[in-house]
Amino acid sequence: MIDPVFDIIRTGATLVNSGDQKWLVPESVNGPLIVFVHGFTSHGRYLGQLAEYVNGHGFSTALFNYDSYRGIDVAANDLRARLEPLSRSLEKHGYAIVAHSMGGLLALQHAVMHRTSSFLKGIALLGVPNGGALRNKRLVS
């Protein structure tokens with residue numbers, strides 16, 4: 001049986017504590033929060049080892065898992081919705097996003113859509129197709 005936390009079809013987007021893989025709650029955020037965001041067709045667990053390493057250095061860490069087929073705008077809104085219940089903790093500690101590939105585009109969209117929030121302190125992009133995915137038009141002729 002698939003763990004409900006990881007079943008995106010049934011649960012929708014999730015934001016889980018990287019350590020115990022349980023839903024992230026305000027009490028879980030006891031320092032600056034680093035949210036790890038996976039790329040296209042991947043899963044939040046993909047960045048689990050990196051999140052655990054960062055967690056060992058005094059940060060709270062979370063894995064954001066989303067259905068990449070629903071698009072960047074939907075996922076960016078889902079991220080905002082998952083962070084909203086944590087607003088008091090985020091106001092106190094702030095948060096940053098570490099994102100890979102499509103997750104980086106999602107993180108940038110999230111930042112643009114919510115640029116009035118001072119809680120977001122930074123974004124680290126890992127292998128993000130900022131210039132687009134297909135540069136050589138001959139590939140699609």
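**Strand pairing and helix packing in the predicted model**

Strands E2 and E4 pair in the parallel sense, over five bridges. The model is predicted. Strand E4 covers residues 95-100. Five of its six residues are buried, so E4 is largely enclosed by the rest of the structure.

Helix H2 spans residues 48-55. Its residues Gly48, Ala51 and Val54 are buried. Viewed down the axis of H2, the buried residues fall within an arc of 125°, so they line one face of the helix. Gln49 and Tyr53 lie on the other side of H2 and are exposed. The buried residues of H2 pack against two strands: E2 (33-37) and E3 (60-65).

The overall chain gives the context. It contains five helices and five strands. Along the sequence, these elements follow the pattern α-β-β-α-β-α-α-β-α-β. The protein chain has 141 residues, of which 41% are buried. Contacts between residues at least 6 apart in sequence were also examined. Of these, 72% join residues at least 24 apart. The protein chain exposes about 8100 Å². Carbon and sulfur atoms supply 54% of that area.

Conventions: Residues numbered from 1 in each chain as written. Predicted model: local features only at pLDDT ≥ 70, side-chain atom pairs only at ≥ 80, totals over all residues. Heavy atoms only, no water. Buried < 20%, exposed > 50% of the residue type's maximum accessible area, 1.4 Å probe, protein only. Helix = DSSP H or I, 4+ residues; strand = E, 2+ residues; numbered from the N terminus. Arc of directions from axis to C-beta. Contact = heavy atoms within 4.5 Å. Areas by Shrake-Rupley, 256 points an atom, 1.4 Å probe, with all protein chains shown as cover. Pairing = 2+ DSSP bridges.
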